[in-house]
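Here is a short report on one protein model.

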Amino acid sequence: MDMDFSNLFSVAGKTVVVTGGSRGIGEMISAGFLANGAKVIISSRKADACEETVERLKSQYGGEIYAIPSDVGQMVGIEHLAKEIAEREDKVDVLINNAGVAWGAKLEDFPEHGWDKVMDVNVKGLFFLTQKLMPLLRKAASADNPARVINIASIDGMHTSPMSGFAYGTSKAAVIHLTRFMGAHLAGEHILCNGIAPGPFPTYMLSTGVGFKGETEGVDWQKIGDQNPSGRVGQPSDIAGLAMFLSSKASNYITGHTVPCDGGIVSSS
């Protein structure tokens, strides 16, 4: 029996793709991987935001990081991103499907285009980007060192949010079940698929939902944290640490599961 526990949590040398990586949870995860020796490729719709994040993270952590701006809510953007990655990399060790959008409206006012946008980015985009990157994931995969797909869901896919996220919560429930399907179907190829369901983190998306108008600095996040069993909102190390665990040797025997990262909200609801 192999009793080698060296480098159990290491992600050094891995090539990691993070969609929605220019801000919020995507940036937090990207920073964690970069700080721990991985090569990071971020993507989001806005080229300027991507480049600003690349420069900010590179100045803080060094290492190798670059951006490929793309819209994963459309097939043309998915195909563009996959093609650009394939031209620059010979493998992808970790794909983190983090890009996501939300839409809030009362049930009777909810627009079809809002529903479609949420589903296109949060579910369709996640599935088809994984499909297009399968050749590079397969090249990275082995029995001793599986490739990884990590789908960023939400606790709103596990319980009923007080906010009017009819499409958002439904899309994230779909991501959780899709993660089970992917985990089952890809395990034989040594590609592990797991999910993370974040709770409240200090992000632009949550800021808009709780009335902070998109601001993440200089606002009362403790007010939101006071509603959490843990008494706080999430920190970058919380979400990055879980993503790195699910990408390391320590999780080689785990697939098809979605882990809440929420300070206890789901377990107490």
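This is a predicted model: local features need pLDDT of at least 70, side-chain atom pairs count only at pLDDT 80 or more; totals for chains, interfaces and linings use all residues.

Residues are numbered from 1 along each chain as its sequence is written, and side-chain values use heavy atoms, without hydrogens or water.

An open sheet holds 7 strands in the order β3-β2-β1-β4-β5-β6-β7, with parallel pairing. Strands are DSSP E runs of at least two residues, and helices are H or I runs of at least four. Two strands pair if DSSP finds at least two bridges between them. β1 and β2 run parallel and share 5 bridges. Thr 15 has Lys 39 in β2 as its bridge partner.

| Strand | Residues |
|---|---|
| β1 | 15–19 |
| β2 | 39–43 |
| β3, an edge strand | 65–67 |
| β7, an edge strand | 258–261 |

The largest nonpolar core has 36 residues. Such a core joins buried Ala, Val, Leu, Ile, Met, Phe, Trp, Tyr and Cys residues through side-chain atoms within 4.5 Å; buried means under 20% relative accessible area with a 1.4 Å probe, protein chains only. Ile 85, Leu 129, Leu 133, Leu 137 and Ile 191 touch the most other members. A second, separate core of 30 residues includes Leu 34 and Val 40.

The count of cavities of 30 Å³ or more is 1. A cavity is a set of points on a 1 Å grid where a 1.4 Å probe fits but cannot get out; lining residues have an atom within 4 Å of a point. The largest cavity holds about 70 Å³ of space. α4 gives the largest share of its lining, 5 residues.

Notes
Buried means under 20% relative accessible area, exposed over 50%, partly exposed in between (1.4 Å probe, protein chains only). On a 1 Å grid over the protein atoms alone, a cavity is a set of points where a 1.4 Å probe fits but cannot get out, and a pocket is an open set with protein on both sides within 12 Å along at least five of seven lines; lining residues have an atom within 4 Å of a point. Grid points are joined across faces, edges and corners, and a volume is the space filled by probe spheres set on the points.
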